[in-house]
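Thanks, everyone, for making the time. I would like to walk through one model this morning, going from helix packing to charged pairs and then to the backbone. Please have the sequence and the coordinates open while I talk.

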Amino acid sequence: MKASDLFVKALINEGVNYVFGVPGEENLDLIESLRDSPIEFVATRHEQGAGFMAATYGRLTGKPGVCLATLGPGATNLVTPAAYATLGGMPLVIITGQKPLSFNTQGRFQIIDVVDLMRPVTKSSHQIVNAQTIAAWIRESFRIAHKERQGAVHLELPEDVATEEVTSWVINPGNTDQPIASPRSISDAVKMIEDAQMPLFLFGAGTNKKATCQALTQLVNSTGIPFFNTQMGKGVVDERHDLYLGTAALSGDDFLHEAIDKADLIINIGHDVIEKPPFLMKPDGAKVIHINYFPAEIDNVYFPQLNVVGDIADSIQRISSQVEVSTHWDFSFYRKMKSKVESHISKYFEDSRFPILPQRLVQIMRHELPDDGIVSLDNGIYKIWFARNYKAYQQNTLLLDNALATMGAGLPAAMMAKILNPNKKVVAVVGDGGFLMNSQELETAVRLKLDLTVIVLNDGSYGMIKWKQEEMGFKEYGMDYGNPDFVKYAESYGATAYRPDNDEEFKEVLLKSLNGEGLQLIDLAVDYSLNHPILNVLLKENKS
């Protein structure tokens, strides 16, 4: 058997359904081996699109997604998706080609050390130099990518190695259970919770798994302890729950942080310091229990007093079965804060000015989307408004990146979500800046016949950085740019496109696009003028 055929056979053995990528001379043997396999090769228009789609496959399924590129510039274009997956805890296997090891007639053309380049942004990076080791390296790569903390793994397959004749064999995945927390750490956690006066649950990205979501809902219901979440932990427990206090869209000095600052114990489940901190620890502040697959990494804003290390769902179930509701728990302040937070974030829900306010956009989308509808965000100032104001009712129904926080991932992530959930409504919400970093993937979405809605928030500037520039006291400079006609641009790819002139028209075209066929794009003018008075001035007053 040719080595590239064995490579594909090993991918099939791992349950791979898709390989996303851009072809190149050095991976043609592998692409040829994919031709007659049950794996679908999805050609994207940029390697970043392939990497973001594969990483999102890993995020949504829990199984490593796979992407493919050639050497040199193809491989360097996958560095950002590698970091996106590794920081975001998404299992991903990256495959790149390389010039022949034995005899290369092209000198140093396009050759860089991709293996070393990938090491800082992956869990493992390796060049296959012997075709007989392919089966072992595929199995090991998928094991490493899937092992907590999940992330990206890179394999380089040189052109001549891919053509070698090899023995046909693969290594079947074994059943590997997650280690469980020690009985002592569980009992210590139970005692700390029972002894606390104002305990508070925090749910992070690591809880975004079905079994964990179910265990957390049971824990909240049985204890009656209020909870909040990080941006990447949205929806792990239905945010319509009476005990939901809000989402930490900022690290401090927000209205929600009044409740956080009152807590004497925060039970931090599934969050680690790679995602932007939802609160900052202080030496004289609340104690923290860290419940995760791995111990806490200590820094100057996170130094938990107890680590409960092991399978999260198992830890939660054991704590839930042992903890007793304490009569001295006092959640009256949390209830007051919940009312205050909800009053604050709903203030502009009915404001119909146009260009549209992000708060109004969120309100319309939450009203029109079904409970299981999926919103995929790119990165921009609107992400804060969605994190704060958009209530997620189910896990993985608000997809955002609060780890690498890269621009350009929102559209490819939405495309992957739609492929995996063809019967659900999926909407990509992207800023005009991030959209144009990977807008060419509109062609991929059209070619794949995806029924997908894309909302481009059009303000002609890098809105997040403009807000930061203003917050830091700098004069406005270097943030504005021009845009193409997004309606004509989308139509040139074969999409249907709209440009509403008011919020009522936006609601109409949103409903039309959600129920329409094929790719639907909405060019939506957005007004960020209230960012400063709400996110800066009011928060500083709150802090004082």
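Let me begin with a convention: a crossing of two helices is called left-handed if the near helix is turned anticlockwise from the far one by less than a right angle, and right-handed if clockwise. Helices here are DSSP runs of H or I with at least four residues, strands are E runs of at least two, and both are numbered from the N terminus. This is a predicted model, in which local features need pLDDT of at least 70 and side-chain atom pairs count only at pLDDT 80 or more, whereas totals for chains, interfaces and linings use all residues. Residues are numbered from 1 along each chain as its sequence is written, and side-chain values use heavy atoms, with hydrogens and water left out.

With that in place, helix 1 passes helix 2 in a right-handed crossing. Helix 1 (residues 3-13) and helix 2 (residues 28-35) pack with their axes 8 Å apart and at an angle of about 55 degrees, where axes are lines fitted to C-alpha atoms, for helices over the stretch in contact, and angles run from 0 to 180 degrees between N-to-C directions. Helix 1 and helix 2 are therefore oblique to each other, since angles under 35 degrees count as roughly parallel, over 145 as roughly antiparallel, 65 to 115 as roughly perpendicular and the rest as oblique.

Next, the charged pairs. If we take a salt bridge to be a side-chain nitrogen of Lys or Arg within 4 Å of a carboxyl oxygen of Asp or Glu, the count comes to 29 salt bridges. One of them joins Glu-239 and Lys-234, at 2.8 Å from N to O. Is this pair buried or exposed, given that buried means under 20% relative accessible area, exposed over 50%, and partly exposed in between, with a 1.4 Å probe and protein chains only? Glu-239 is buried, at a relative accessible area of 0%, and Lys-234 is buried as well, at 1%.

The salt bridge between Asp-238 and Arg-240 also has an N to O distance of 2.8 Å, but here Asp-238 is partly exposed at 25% and Arg-240 is partly exposed at 42%. A further salt bridge, at 3.0 Å, links Arg-318 with Asp-314; both residues lie in helix 12 (residues 312-322), four residues apart, or about one turn of the helix. Arg-318 counts as buried at 18% relative accessibility. Finally, Arg-45, Glu-443 and Arg-447 are linked in a network of salt bridges.

On burial, helix 16 (residues 410-420) has 10 of its 11 residues buried, so it is largely enclosed by the rest of the structure. Among those buried residues are Met-415, Met-416 and Lys-418.

I will close with the backbone. Most residues other than glycine have a negative phi, and most peptide bonds are trans. A cis peptide bond joins Glu-148 and Arg-149, with omega about -10 degrees, and Arg-149 sits in the loop between helix 7 (134-146) and strand 6 (152-158). The bond from Phe-354 to Pro-355 is likewise cis, with omega near 5 degrees, and Pro-355 belongs to the loop between helix 13 (332-345) and helix 14 (358-368).

As for phi, Asn-396 has a positive value near 55 degrees and is buried at 11% relative accessibility. Ala-405 also has a positive phi near 55 degrees, yet Ala-405 is partly exposed at 33%, in the loop between strand 14 and helix 16.
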